[in-house]
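Subject: Structure handover

Hi,

Here is the structure we spoke about. Please load it before reading on; my notes follow it.

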Amino acid sequence: MPSETIELVQGTLEFLILKTLSRGDPMHGFHLLRWIHDTTEGALSIEEGSLYPALHRMERRKWIEGQWGVSEKGRRAKYYRLTNAGRKQLISQQKHWDNYVTAVGKIVATAEGMA
Amino acid sequence: MIRPWGIHRLFRLATRRRSAARVVELELRHHLDECVDFLVEQGMSEGRARREARRRFGSIDAVRRTCEEITRDVEQDVSRSETFHSIVQDLRFALRSFQKYPSFAVTLVLTLGLGIGANTAIFTVVDAILLRPLPYERPEELVDLKPMTPEQFVVQWTSMDLGRAWAREADFLEDVALHQQISVVRSDGDQPVVTAAQAVTSSLAPTLGVAPLVGRWIAPEDQRPGATPVAVLSHARWREWFTEDRAALGRSIELNQVRYTVIGVMPPAFRFPRVGASDMWIALPDDNTINGMDIASVSVIGRLQKDVGLGEARERATRLSEGLGVIDSRYPDWTLHVKPHDEWRANPDVHQALWTLAAAVVLMWLIAVGNGVNLLSVRAAARTREIALRMSLGASRLRVLRQLLTESFTLALMSGVLAMALAAASLAALTGLIPSSVVSLSANQIDIGDRVIGFAFVLSALTGLLVGLLPALGLVRARGSTSVSAMDLHLASRPGKTGVRRSLIVAEVALSMTLLAGTGLVINSFNRLLRVEPGFEEENLIYISLSLPGYSYESTAAREDFFERAEQRLEAVPGVQGVTVADGLPPSTSFTFGVEVVAEGEAAPEAGQPFWIPFSNVRPDYFELLGIPLVAGRTFDATDDANTRTVIIDVDMAEFLWGSRSPLGKRFRIEEDADWYTVVGVVGDVKLMGLDDRRGTYEVYRPLTDIRGYMSLAVRTSLDPEQVMPPIRAAVWELDADQPITRLETATDAMAESVDGPRFLVTLLTIAAGIALALVAIGVYGVLSFAVTQRTRELGVRVALGAQTSALQHMVLRDGLLLTGVGVAIGLGGAVGLSRVIRSLLFNVEPTDPATLMVVAGVMMATAMVACYFPARRATKVDPMVVLRAE
């Protein structure tokens with residue numbers, strides 16, 4: 001497990017949620033949290049305090065929709081899944097993200113070259 | 001993991017009602033539980049895990065509050081969109097079901113579209129001519145000021161002195177303007193044309209609350225004697241003369257040989273005082289003189305002050321009336337009468353014709369609605385199973401009703417769109433049919449505007465409700481039994497439902513019978529009108545009417561000279577046999593009305609007094625040239641003039657006054673205290689005032705002694721009149737190139753125009769009745785076909801038991817004809833009941849004319865027979881084996 005955890009930039013959290021839900025299966029909040037944590041091997045840690053407001057905000061914007069279901073452990077849980085609007089949002093954010101990464105990558109490369 | 005989406009609606013419904021706080025609480029608690037489980041799996045003790053989970057979560061209250069706020073918003077959105085969403089769903093469902101049964105949807109939309117479209121088209125006309133407020137600002141405040149005789153008879157115009165005095169003194173008016181129509185000749189175009197100009201005071205536009213589209217309106221300075229003459233054009237003339245070019249402003253046009261500067265153009269919709277008299281507006285000069293012509297009479301229009309009602313205005317007008325005789329000695333005991341400007345829209349016969357048409361299309365619409373109900377209930381019967389299934393799955397009665405109504409509304413709105421298209425497409429033809437005399441009276445343009453669209457929409461919605469509600473209620477109410485299949489049977493064979501459909505058919509037949517009977521009577525009457533002998537030889541006869549401008553032909557001598565030369569010149573045109581001058585030619589001539597005809601030395605006959613007496617002032621050769629037979633006495637000669645008061649009357653009048661005695665040399669008068677007329681000759685009856693002469697059956701001819709400005713010439717030709725007309729026009733312009741020709745047409749056309757009004761009514765009623773008949777045929781066909789389908793089993797059993805197929809056919813036919821027969825009987829009763837209403841529309845036909853009613857009943861029965869034939873034949877094709885096997 002890496003020693004450093006990365007602070008999430010505002011907006012990145014929403015992107016990550018969209019991306020995670022785009023895999024298809026509806027997920028509840030804790031499940032989402034664990035999945036992101038495990039997939040990044042703990043590098044990205046999301047706080048509960050920002051996850052739930054983000055989920056509810058995204059539901060309000062109709063990017064995701066929540067439905068009540070029953071979890072594996074027999075508990076009633078609220079499951080989220082991506083809507084069509086959310087899928088569109090993901091595509092456009094993905095572009096932004098790619099551009100951002102490329103741009104930052106270039107600057108980093110140039111700066112390294114100068115050093 | 002369990003995926004909840006399959007039963008998503010159930011869950012949605014379950015959670016909807018839960019409060020936002022509870023939902024958030026549940027979600028967050030679930031998170032903590034999962035987290036504790038997770039930590040315990042990692043090896044933590046449960047107590048520690050619980051503390052750790054709380055620690056990780058941070059400020060749970062803050063998160064809860066934020067989430068609650070967001071969730072509450074979502075809840076509101078959901079409940080708002082829920083209704084909308086389900087309507088969209090209903091709509092989609094409706095459209096899908098139309099796709100599944102396209103012929104059903106198309107038939108219904110066509111039927112309703114025709115019904116709504118006909119009403120929309122007629123409404124467009126009725127609204128423009130009779131209903132829509134006039135196109136001025138707050139038109140209800142506009143009033144006309146008119147002089148009224150002591151006998152309460154309101155006179156159209158007032159003298160200029162009186163008009164000016166009223167305009168000055170009427171203190172109950174906010175604004176007031178004078179206007180008078182003058183006929184001017186535009187003489188700088190290709191051909192001299194007569195245009196209708198209004199000489200108006202500059203206050204007219206402010207009074208009406210209108211402003212020019214381009215340029216400016218007449219200013220007070222333009223009214224000063226000697227000011228440069230200015231003209232404001234109507235939009236139509238601007239387009240015609242200047243192709244809507246703004247450069248027209250400042251240009252000049254020649255009117256009555258005087259140059260007028262164009263200073264402005266009014267908006268397209270502006271007409272004042274009506275369409276037929278709105279080519280341009282020129283300044284009415286303060287000295288009441290235009291090009292040396294004195295304008296002697298005038299009309300006054302004003303706008304009531306805000307707080308003054310009509311009653312108060314009338315009271316204050318009466319006070320003003322006391323000085324009337326002082327201002328103008330010609331009005332000794334008269335009063336000033338205030339009447340709303342839009343009180344008079346059209347003559348009573350126009351009102352009657354338009355409302356008759358409106359009634360006809362409403363009947364047609366009712367028939368269309370009847371068909372709609374029938375079609376939809378047949379559809380409803382076919383889908384009882386579907387509805388039953390939906391209701392047993394828990395759909396509420398209201399929900400199903402709403403879905404069914406959405407379907408019928410969608411169909412009705414589609415019909416409404418079709419109706420608008422039909423109305424728009426037929427409008428040109430429709431306005432072409434309306435007699436121009438009616439169209440030109442309206443200040444409103446006959447076009448499809450907001451009101452018409454609103455009308456079509458409301459009528460469509462009403463149609464949707466009417467056609468949808470009955471079948472839908474029947475379907476939903478039928479849910480008494482619990483089992484789907486039981487209900488299926490129950491509905492499909494319910495005799496009550498068929499009863500409703502059958503009574504609808506009877507009603508439809510009755511309605512269309514009434515419409516057909518009325519139409520039949522009007523057609524019959526019109527044919528009789530067309531067969532009326534005009535009393536003169538109208539073949540090879542040309543009419544020319546000329547209005548000699550006062551500025552070119554000031555004296556009687558000048559006018560006499562002109563017409564003498566015109567007669568000579570026209571007689572020289574090849575193909576012309578003879579020419580005569582008269583002040584009027586059939587079917588339009590001068591007349592007097594409200595008369596009492598009495599022979600000298602006898603009491604005035606009480607019965608049969610004419611309302612109108614047509615008068616024609618004619619030359620001695622008039623009778624011979626028109627081919628009017630001289631029955632007794634002589635025609636005019638050089639000894640007759642205005643002083644001799646010698647007249648020629650027609651045979652009907654001679655008989656009315658003197659019976660079989662000879663009228664020659666006898667005297668009569670038409671008003672008390674008037675001088676006596678002496679009869680010198682009797683001629684055959686002529687329809688001087690048009691073929692329908694009910695109001696003017698007695699004709700009086702006087703010798704033509706005074707040649708006035710407006711005269712007509714009758715030209716007898718040996719060639720085809722159409723060939724002779726161009727050289728005649730050229731001959732007139734040879735005499736005076738600036739002389740406009742007001743009318744040049746054949747006598748045949750002129751007589752035909754005199755029945756434009758009845759023709760308009762006959763044509764449209766025939767179309768409406770034809771469509772109604774077709775709709776009824778469709779209705780009868782539909783109901784009988786459905787009945788045959790429903791009775792397939794019974795028919796099959798009958799065939800199996802040995803019934804002849806012809807007997808089955810008869811059975812179905814009898815069924816259909818019985819329904820029709822009942823409808824025909826009721827409809828005939830209705831037609832007779834309406835006879836009082838229709839009587840005044842008829843010429844020489846009784847409203848209960850048995851021949852007409854029998855023919856109409858025959859047409860109805862024959863149509864029904866055809867409509868019954870196909871279902872009846874289908875009844876004979878029932879294969880008993882198929883039916884019995886299905887059993």
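This is a predicted model: local features need pLDDT of at least 70, side-chain atom pairs count only at pLDDT 80 or more; totals for chains, interfaces and linings use all residues.

pLDDT is the predictor's confidence in each residue, from 0 to 100. Residues are numbered from 1 along each chain as its sequence is written, and chains are lettered from A and ligands numbered from 1 in the order in which they are written.

**Chain A**

Chain A has a mean pLDDT of 79. At least 70 is reached by 87% of its residues. Among its elements, E2(A) has the highest mean, 88. Helix H4 (residues 84-114) of chain A has the lowest, 79. Elements here are DSSP runs numbered from the N terminus: helices are H or I with at least four residues, strands are E with at least two.

The chain holds 4 helices and 2 strands. Their order from the N terminus is α-α-α-β-β-α. Of its 115 residues, 31% are buried. Buried means that 20 or more other C-beta atoms lie within 10 Å of the residue's own; exposed means 12 or fewer; partly exposed is in between; C-beta atoms are placed from the backbone. Two residues are in contact if those C-beta atoms lie within 7 Å. Take the contacts in chain A between residues at least 6 apart in sequence: 55% of them join residues at least 24 apart.

**Where A meets B**

On chain A, 26 residues are in contact with 30 residues of chain B. Four elements of chain A each supply at least two residues to that side: helix H2 (29-39), helix H3 (48-60), strand E1 (64-70) and strand E2 (76-82). H3(A) gives the most, with 8 residues. By class, the side of chain A that touches chain B has 8 nonpolar, 6 polar and 12 charged residues. The classes: Ala, Val, Leu, Ile, Met, Phe, Trp, Tyr, Cys and Pro are nonpolar; Asp, Glu, Lys and Arg are charged; the others, Gly among them, are polar.

**Helix pairs in chain B**

Helix H5 (residues 102-131) and helix H13 (residues 397-433) of chain B have axes that come within 6 Å and cross at roughly 45°. H5(B) is therefore oblique to H13(B). Angles under 35 degrees count as roughly parallel, over 145 as roughly antiparallel, 65 to 115 as roughly perpendicular, and the rest as oblique. Axes are lines fitted to C-alpha atoms, for helices over the stretch in contact, and angles run from 0 to 180 degrees between N-to-C directions. The crossing of H5(B) and H13(B) is right-handed, that is, the near helix is turned clockwise from the far one by less than a right angle. Their contact has 17 nonpolar, 7 polar and no charged residues.

Next, helix H23 (residues 756-790) and helix H25 (residues 805-833) of chain B. Their axes come within 11 Å and cross at roughly 140°. This crossing is right-handed too. From H23(B), Val780(B), Leu784(B) and Val788(B) meet Val812(B), Asp815(B), Gly816(B) and Thr820(B) of H25(B). The contact divides into 4 nonpolar, 2 polar and 1 charged residues.

**A covered helix**

Which residues of helix H6 (residues 160-169) of chain B are buried? They are Leu162(B), Gly163(B), Ala165(B), Trp166(B) and Ala167(B). Their cover includes strand E3 (173-186), strand E12 (297-304) and helix H10 (324-327) of chain B.

Val193(B) is in strand E4 (residues 193-200) of chain B. It is partly exposed, because 16 C-beta neighbours lie inside 10 Å. Its C-alpha atom is 8.3 Å from that of Gln739(B), 546 residues apart along the chain.

Phe593(B) is in strand E16 (residues 590-593) of chain B. With 11 other C-beta atoms within 10 Å, Phe593(B) is exposed. Beyond four places in sequence, Phe593(B) is in contact with Phe611(B) and Trp612(B).

**Backbone points to check**

Most residues other than glycine have a negative phi, and most peptide bonds are trans. The bond from Phe272(B) to Pro273(B) is cis, with omega near -5°. Pro586(B) and Pro587(B) are also joined by a cis peptide bond, with omega about 10°. Arg138(B), not a glycine, has a positive phi of about 35°. Asn288(B), not a glycine either, has a positive phi of about 60°.

Best wishes
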